[in-house]
Amino acid sequence: MGETSPAGGDAACRAGKVTVRRFAAVMFNDELDMLECHLTEVADLYDGFIIVEAPVTYADNKPKPLHYADNAARFELWHDIIVPIVAD
């Protein structure tokens, strides 16, 4: 930690030559209340918020609804930073 990368990335950041963007990513199932709480608390810390949701269950690969897509209107306040991804 604290070391400069071989390409001089840290020095370039300090010199204002590199734009740093921060993203958060979450694997999502149906935790709508938890997602809303998380966005309320930390959304202003990130440039983007990636939500990854699968159309099948993890344990037995059975089809399931895409809960984020079905409830996207609930998260309209953060639409400009949310990047929903369906992991097929």
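## Burial and the model

A residue counts as buried when its relative accessible area is under 20%, with a 1.4 Å probe and protein chains only. Trp78 has a relative accessible area of 11%, so Trp78 is buried. Keep in mind as you look around that this is a predicted model.

## Aromatic pairs

Let's begin with the rings. The structure holds three aromatic pairs. One of them joins Tyr46 and Phe49, whose rings sit 6.4 Å apart centre to centre, with 70° between the planes. Planes over 60 degrees apart count as edge-to-face, and this pair is therefore edge-to-face. As for the two partners, Phe49 is buried at 0% relative accessibility, whereas Tyr46, at 27%, is partly exposed.

Phe75 and Trp78 make up another pair, this one tilted, with 6.4 Å centre to centre and 40° between the planes. Phe75 has a relative accessible area of 1% and is buried, and Trp78 is buried too, at 11%. Together with Tyr68, Phe75 and Trp78 form one aromatic cluster.

## The largest pocket

The largest pocket has a volume of about 230 Å³. Two elements each give two or more residues to its lining: β1 (23-28) and β2 (48-53).

By type, the lining divides into seven nonpolar, two polar and three charged residues.

Technical notes
Residues numbered from 1 in each chain as written. Predicted model: local features only at pLDDT ≥ 70, side-chain atom pairs only at ≥ 80, totals over all residues. Heavy atoms only, no water. Phe/Tyr/Trp six-rings, centres within 6.5 Å; stacked < 30°, edge-to-face > 60°. Buried < 20%, exposed > 50% of the residue type's maximum accessible area, 1.4 Å probe, protein only. 1 Å grid on protein atoms, 1.4 Å probe; cavity = no way out; pocket = protein on both sides within 12 Å on 5 of 7 lines; lining within 4 Å. Points joined across faces, edges and corners; volume = space filled by probe spheres on them. Helix = DSSP H or I, 4+ residues; strand = E, 2+ residues; numbered from the N terminus. Nonpolar A, V, L, I, M, F, W, Y, C, P; charged D, E, K, R; others polar.
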